[in-house]
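Please look over the sequence and the structure first.

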Amino acid sequence: MTPVCPFVKASRPDDGSSRKPGDCPIKHGAEHEGGGRAKKEYSGESATVSPKCPFGYDSQTFKLGPLSCMICQALLFDCSKCVPCSHVYCKVCISRFKDCPLCGADVEKIEADTDLQSVVDRFIDGHARIKRSHVDMDKEEEVGENKKVIYEDVSLERGAFLVQQAMRAFRAQNVESAKSRLGLCAEDIRGRIETVGNTSELCSQLGAVLGMLGDCCRAVGDAGSAVTYFEESVEFLSKLSVADLEITHTLSVSLNKIGDLKYYDGDLEAARSYYMRSLNVRRDAIERHPSVPSQTLDVAVSLAKVADADRSVGNEDAARDRFHEAIKILESLTLKPEEAGLEQRRLSVLEFLKNQLTENV
């Protein structure tokens, strides 16, 4: 299955190529070149102008610029300066080092660099906001200094940029930075929803961002906030077409994550309920797309989760039936040679299921 990312026009955050379809949440916009752009800007024609970042932080490419932390490779967050060398990093990132990663100098102390952080915050606030002019639609006059100028917030391009930065920070365990960028992205998308309504594209984007915020909260042990974000993600994703495989997968994953958190909290009945909802979503998907092997694997995983919950509440017979059903599904699944990754996953899940049966004989 080719992933259909909710930010489908964006490129991979760590990809140096200019425009590739990718599996990472958010990327948009092709560059418009040539002299025709200026003519359209000043003629009053309706035209879309791609943002040009003065620092080169374009959402289509991987970029380390003057406002980046060289440790997590995301934009600086809680900017801190090493003393005496004056190199700057995110506070969380540099706190893990005794020597400056750039020059090797001993870090005697760390000082907040509020001035530079203010620059970063202003840069983020203005990123991907396009300067546009209001002109008389019936005239092709150039815009003078007295013409009214507006700034249009192109939230999707900005969203691509923010999620790109958040993912880098999250991978580097700078969770607060990731949460901050994702929070801004969610705020942008909510604003768009208020303007244009609950479109499929915007709901899918918001659902994905909320799910990432849930992952951030879970990473720092804040289970309550994680559940809140995952539940809101489910709410938005549930409004979308069930025919979209990627949305179906994301929805079922969010449901399973809530189930996991409930399970670890000891609320087994609630965990089983969420696991069942995820299983039902995946069963519906496989009925519509029976030839997609990844969907079959997802169903088997959901069956295993429900079976584990059944066993935990003392319903051993139901658990064994679901384990057997999952094994049967996986044993009948035939994969192509080029699907080696799925085959490895199939064998791993199959081994787990069989172990669950033999361990409780």
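The sections below go from the whole chain to its sheet, its cores and a few backbone details.

## Basis of the report

The model is predicted, so local features are reported only at pLDDT of at least 70 and side-chain atom pairs only at pLDDT 80 or more, while totals for chains, interfaces and linings use all residues. Residues are numbered from 1 along each chain as its sequence is written, and side-chain values use heavy atoms, with hydrogens and water left out.

## The chain as a whole

The chain has 12 helices and five strands; these are DSSP runs numbered from the N terminus (helices: H or I, at least four residues; strands: E, at least two). Of its 361 residues, 44% are buried. Buried means under 20% relative accessible area, exposed means over 50%, and partly exposed is in between (1.4 Å probe, protein chains only).

Among contacts with a separation of 6 or more, 58% join residues 24 or more positions apart; a contact means heavy atoms within 4.5 Å.

## The annotated region and its sheet

An unreviewed UniProt entry carries the annotation "domain: RING-type" for residues 69–103. UniProt positions are given here in the numbering of this report, feature names are shortened, and annotations may be inferred rather than shown by experiment. In the model, residues 69–103 are 11% helix and 23% strand, with end C-alpha atoms 14 Å apart.

Three strands form an open sheet in the order 2-1-3, with antiparallel pairing (two strands pair if DSSP finds at least two bridges between them). Strand 2 (88–90) and strand 3 (109–112) are at the edges and have a single partner strand each, so one side of each has no neighbour in the sheet. Strand 1 (residues 79–83) is joined to strand 2 by three bridges, and to strand 3 by four. Lys81 is paired with Val88 in strand 2 and stands opposite Glu111 in strand 3. Four of the five residues of strand 1 are buried, so this strand is largely enclosed by the rest of the structure.

A nonpolar core is a set of buried Ala, Val, Leu, Ile, Met, Phe, Trp, Tyr and Cys residues joined through side-chain atoms within 4.5 Å. The largest core has 55 residues, and those touching the most other members are Cys69, Cys72, Leu75, Leu182, Ile189, Leu206 and Val209. Helix 6 (residues 200–219) contributes the most to this core, with 10 residues. Another core, apart from this one, has 23 residues, including Ala271 and Leu350.

Helix 7 (residues 223–237) has buried residues that include Phe230 and Phe236. Among the elements covering its buried residues are helix 5 (175–196), helix 6, helix 8 (245–264) and helix 9 (268–288).

## Backbone details

Most residues other than glycine have a negative phi, and most peptide bonds are trans. Where does Pro84 lie? Pro84 is in the loop between strand 1 and strand 2, and the peptide bond from Val83 to Pro84 is cis, with omega near 20 degrees.

The two strands form a hairpin with four residues between them, and Ser86 in the turn has a positive phi of about 75 degrees. Ser86 is partly exposed, at a relative accessible area of 43%. Gln173 also is not a glycine and has a positive phi, of about 65 degrees. Gln173 lies in the loop between helix 4 (155–171) and helix 5 and is exposed, with a relative accessible area of 57%.
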